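Welcome! Let's take a walk through a protein model together, starting from a single residue and then stepping back to see how the parts of the chain meet.

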Amino acid sequence: MRSLVTGGAGFIGSHLVDRLLAEGHEVVVLDDLSTGHRGNLEHLKRQDELEFHEVDVRDHDEICKHFEAVEWVFHLAALADIVPSIQKPLEYLRAGVDGTISVLEAARHAGVKKFLYAASSSCYGIPDAYPTPEDAEVRPQYPYALAKNLGEQCVMHWVQVYGLPAISLRLFNVYGPRARTTGTYGAVFGVFLAQKLAGKPFTVVGDGTQTRDFTYVIDVVEAFTSAAKSDVIGEIMNVGSSQTYSINRLVELLGGEVVHIPKRPGEPSCTFADVSKIRKLLNWKAVTRFDEGVAIMLKNIDYWRDAPVWESSNVREQTKDWFKYLA
Ligand code: NAD
């Protein structure tokens with residue numbers, strides 16, 4: 001089997017590459033390293049079955065040559081931060097939409113057997129129901145959410161018009177080793193682990209009672225490979241942990257002082273996936289307990305040694321546009 005992973009030098013992509021190689025696949029990675037790192041694949045450098053190409057997925061002519069004999073395509077390449085998406089909507093939408101249609105077309109012409117898209121639970125915005133099912137209204141609150149959802153609509157359009165055997169997985173708050181630590185203020189784990197290493201307090205948004213459906217990356221990888229192996233096509237499925245955990249619980253597991261920072265507009269007080277569809281169609285269920293997953297991250301905490309350390313003053317500066325535009 002030959003599989004192709006876009007965004008394979010990123011957080012989730014690199015775990016997927018590990019898994020595909022372990023299952024005996026030849027793996028082609030396309031990544032422009034805009035937010036990913038070669039270091040995320042460093043442990044695989046002696047693997048002859050791994051091919052890495054530093055390329056922007058929007059460069060259609062360039063990427064097409066790498067699709068020869070590829071059977072499964074996992075499309076994870078995207079810009080994936082909230083604040084920068086508010087500041088640079090053009091870049092986010094181009095990466096999410098132009099990038100996705102470029103990969104869809106390459107996959108279609110190559111006649112791939114399965115196309116898997118990494119969609120985002122951010123499409124639900126502030127939903128009416130928890131746990132949130134796939135047929136909840138789509139309400140993107142910021143350009144990242146919009147870009148991911150437009151990408152998903154393109155994927156479903158390629159299913160409808162060209163019969164591409166594709167599936168979209170809406171991922172909820174993925175965490176685990178190698179979770180992104182770009183220069184921008186982002187996902188809570190990278191922020192808290194860098195703060196812990198620096199001996200600084202955790203910057204807890206609001207009173208910390210808000211909850212997130214933290215889903216361990218290895219479970220997410222399992223959802224991708226189960227979807228690829230299945231006969232299911234043309235479906236959109238949530239991928240979540242079957243639980244939702246408060247930020248205060250995360251602080252308790254990580255251990256440390258806290259400082260509270262203002263609640264942000266446009267953010268839900270809870271994310272919580274209804275996973276009944278993926279259980280039914282793929283017989284998939286997350287198996288990693290939250291305390292186990294957090295313990296693994298603590299064991300790997302050195303990864304965040306060079307990550308930016310945020311304090312309430314620079315978080316305020318970094319998130320200025322969030323308050324300006326989403327209030
Ligand atoms: P990441 O930033 O670590 O990975 C994204 C990768 O895509 C990076 O390696 C980056 O260099 C690459 N990339 C970006 N634009 C590119 C382009 N134009 N051409 C080629 N490569 C490009 O992020 P991640 O957390 O691993 O997310 C992977 C995917 O899963 C993204 O599509 C993201 O939107 C989606 N997702 C992530 C989460 C989460 O909680 N981490 C939740 C929902 C959806």
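## A glutamine in a helix

Gln 195 sits in helix α6, which covers residues 188–198. Helices (H or I, at least four residues) and strands (E, at least two) are DSSP runs, numbered from the N terminus. This is a predicted model, in which local features need pLDDT of at least 70 and side-chain atom pairs count only at pLDDT 80 or more, while totals for chains, interfaces and linings use all residues. Residues are numbered from 1 along each chain as its sequence is written, and side-chain values use heavy atoms, leaving out hydrogens and water.

Is Gln 195 buried or exposed? Gln 195 is buried, because its relative accessible area is 0%; buried means under 20%, exposed over 50%, and partly exposed in between, with a 1.4 Å probe and protein chains only. Leaving aside neighbours within four places in sequence, Gln 195 is in contact (heavy atoms within 4.5 Å) with Lys 200, Pro 201, Phe 202, Thr 203, Val 309 and Trp 310.

## The rest of helix α6

After α6 comes Gly 199, with a positive phi near 70 degrees.

## Two domains

Now let's step back to the whole chain. It is divided into domain 1 (2–174 + 216–239) and domain 2 (176–213 + 243–271 + 288–326), with bounds that come from an automatic or database domain assignment. Taken over C-alpha atoms, the centres of the two domains are 24 Å apart.

## Where the domains meet

At the interface, 26 residues of domain 1 are in contact with 26 residues of domain 2. Together the domains bury about 2,300 Å², 58% of it on carbon and sulfur atoms; buried area is the accessible area (1.4 Å probe) that two parts lose on being put together, summed over both. On the domain 1 side, Phe 11, Val 83 and Tyr 216 lose the most area to domain 2, together 25% of what that side buries.

How many salt bridges does the rule find across this interface? The rule finds 1, where a salt bridge is a side-chain nitrogen of Lys or Arg within 4 Å of a carboxyl oxygen of Asp or Glu. Elements giving two or more residues to the domain 1 side that touches domain 2 are α1 (11–22), α3 (82–87) and α7 (217–229). The largest share, 5 residues, comes from α3.
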